[in-house]
Amino acid sequence: RFHLVDLYSVGLLLVGLSFFPYANATVLWVAIFWGAVQTIPWVMDMIVVETLAQRWTEPEMRGRVFSLFQMQRSAGKLLAAGLFAPLVDLLGPVLLMNAAGVIYTIVAIFALRGRTMMKQEPETEAPPELIPVPAE
């Protein structure tokens, strides 16, 4: 059975590698196929990240953490459109999609190399000196 960190790392690598055939497809149906293939590990990674965040976050903080996830995903679309639309006009979509594939693949390689560090389960209870003592 895979550890969630291994699953995330492999999924990230699949996303990165799937950028290349997707970006360089010259036939529409091939591009649609690779876009669908790329979506599967992408969604899988989002689910794995949320599961890891649930494990690693104190119950009192989960609402804040997941609201930040939602804000990042919502704002990320606007930020990407604002940053990359001018670059697409200037450099073309194929070059930028290949660059995105390189970036995702490099990040995935680092994730694969560092996955043993990420597998360490965090402490779920506060050390005794951090537990508040009620006033008498």
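1. Helix α1 has 21 residues, and at 1.5 Å a residue it should span 30 Å; its end C-alpha atoms lie 31 Å apart, which agrees. The expected span is 1.5 Å times one less than the number of residues. Helices are DSSP runs (H or I, at least four residues), numbered from the N terminus.

2. The model is predicted: local features need pLDDT of at least 70, side-chain atom pairs count only at pLDDT 80 or more, and totals for chains, interfaces and linings use all residues. Residues are numbered from 1 along each chain as its sequence is written, and side-chain values use heavy atoms, without hydrogens and water.

3. The largest pocket is lined by 29 residues, with Val15, Phe19, Trp42, Ala80 and Tyr104 nearest its centre. Elements giving two or more residues to this lining are α1 (4–24), α2 (28–56), α3 (62–91) and α4 (93–113). A pocket is an open set of points on a 1 Å grid over the protein atoms alone, where a 1.4 Å probe fits, with protein on both sides within 12 Å along at least five of seven lines; lining residues have an atom within 4 Å of a point.

4. Phe19, Trp42 and Tyr104 also form one aromatic cluster. Rings of Phe, Tyr and Trp (its six-membered ring) pair if their centres lie within 6.5 Å. The whole structure holds 4 aromatic pairs. One of them, Phe33 with Trp34, is edge-to-face (planes over 60 degrees apart), at 5.5 Å centre to centre and 75° between the planes.

Terms used: Rings of Phe, Tyr and Trp (its six-membered ring) pair if their centres lie within 6.5 Å; planes under 30 degrees apart count as stacked, over 60 as edge-to-face and the rest as tilted.
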